[in-house]
Amino acid sequence: MNQFLIEKRNPILFPESAADFSKQLETLKTELKALMADNPEGKDFYLKTAVDVAVDLRSWLAEWVLVDLVKTEDITAASNNLLAFAKDFGAAEAAAEGEKEIEAIASSATKKLCDLNKEGKANTVWGHDYASGLTHSLRRGARWVTSNPCKIQLFKKDFPDYYQELIAEIKRENAGATPAVMAAQMFTKVCAISARALYPIFKATDKQYGFVCMQVDPRDIKDTDAMIKQVEFWYDAMKKELGVEEPNVVFKLPAVEAALEAARILLEKNYKLCMTLNFTVTQHLRFAEILSKGKKNGYLVLMGGQLDDQIAKELEAKGVENAKDIAKHGAEAVIRKSYRLLAEKGYKNLSIMTAAVRGPWHIQNSFAPVGGAPVLITTVTGKINQFDAEPTPFDSLMDQPIEEKYLEVLKTSDVFNKAICTPDEGLFTWENLYEYPPFVAFFTQFVAAYQEIEDDFK
């Protein structure tokens, strides 16, 4: 949420030339000196900014643009110069913490995955699944942010005073609007924070990455027109909030029957889409046919952790030993089958995006073969730290069969059987979706969270 850092680091990490890089570095130090002179009480904050930019220079943020303009040794020298600058003004402790972070980044397995992807030796990328704390992820190669009503609620919990400031700001800017409109604008305000930080990546990747996902109101899950109208509302709202003609936004629609037509219409209008509340091969195939016809990349979420959780509950109720360990292979089987079928059908411009990551095994399950469609992972800082501490091999297992000993037990689960079946098998239908345990668990949370946001404006 440190917008001051974003404003100061972006010109340095994303310069127009090597000369501009050097100029921006000197400008930063000059500005920080002046700010410290005018506001001595803010000295620690300003020096922490110098340290943070020094760390950013030694992180994956430098890979987007800077490494193509400036020699690695010059980037390292600039980082060390900023650390020395901080130390010279008495911030030795902050500089030492910065040096620890530089070491942590250098040894990060997640960053290594991103390095391999850039080298063409891996085919999986990842994004940040939270409404704040983005810098930690950007330093390790994250390239987008996802949001949903629950993430906005967590933002409210983490920053209660700022959240109240945003409520007051939204009420001023939307005088006379309904609580529903103002609740939608809370998403605009919170998502714009990440969008500003990501915009340079959006530009550097020719608009492929560097986006923020915004999820439509779950209470409208059966209303095609309402989904379309909210996407159009948010697109215009984000244009205004960010001051750009093309905001870096991807819109999340629920993978339900009413969204089939909504997705078709929105793709015709050239919006970029991500289908969420996805747990099954059937949902993937039904929406893949639609998304593959879009001009821009589309995404099919697989909420693997929630699927595995519900399979485990069902197996435990049946008295199965080691139910949780066996259930870990549920989402593994679904993603492998979906990936294979999507490839066989030749669908273009779309990727599976894994979510609800529970541990390193879900990250391992998401490694895509080089040469195929990339797979995207969206997860939180804690899971990335866990993966960095307990990395798995980077080899893709997407074409490997599930061990029969696990598959035999998984097939005793109704949740699993509905998840793994194809549309022509007919076991999973739109009619039984609203009773499907993985769907119900997340959908209930989303509805309650969105309603609470709206209630904040009543």
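User: Hey! Before we start, what does "buried" mean here?
Analyst: Hi! A residue is buried when its relative accessible area is under 20%. This is a predicted model, and 57% of the 458 residues of the protein chain count as buried.

User: Why does the radius of gyration agree with a compact globule?
Analyst: A compact globule of 458 residues would have a radius near 23 Å, and the protein chain has 23 Å, so the two agree. Along the principal axes, the C-alpha trace spans about 70 × 55 × 40 Å.

User: And how many helices and strands?
Analyst: The protein chain has 21 helices and eight strands.

User: Nice. Let's look at α11. How far does it reach?
Analyst: Helix α11 covers residues 224-242, and its first and last C-alpha are 27 Å apart, close to the 27 Å expected for its 19 residues.

User: Which of its residues are buried?
Analyst: Among them are Thr224, Met227, Ile228, Val231, Trp234, Tyr235 and Met238. In an α-helix there are 3.6 residues a turn, so residues three or four places apart point the same way.

User: What covers the buried residues of α11?
Analyst: The cover includes helices α10 (179-204), α12 (258-268) and α21 (437-455), along with strands β3 (211-215) and β4 (249-254).

Technical notes:
Residues numbered from 1 in each chain as written. Predicted model: local features only at pLDDT ≥ 70, side-chain atom pairs only at ≥ 80, totals over all residues. Heavy atoms only, no water. Helix = DSSP H or I, 4+ residues; strand = E, 2+ residues; numbered from the N terminus. Rg over C-alpha atoms; globule rule 2.2 N^0.38 Å. Buried < 20%, exposed > 50% of the residue type's maximum accessible area, 1.4 Å probe, protein only. Expected span 1.5 Å × (residues − 1). Contact = heavy atoms within 4.5 Å.
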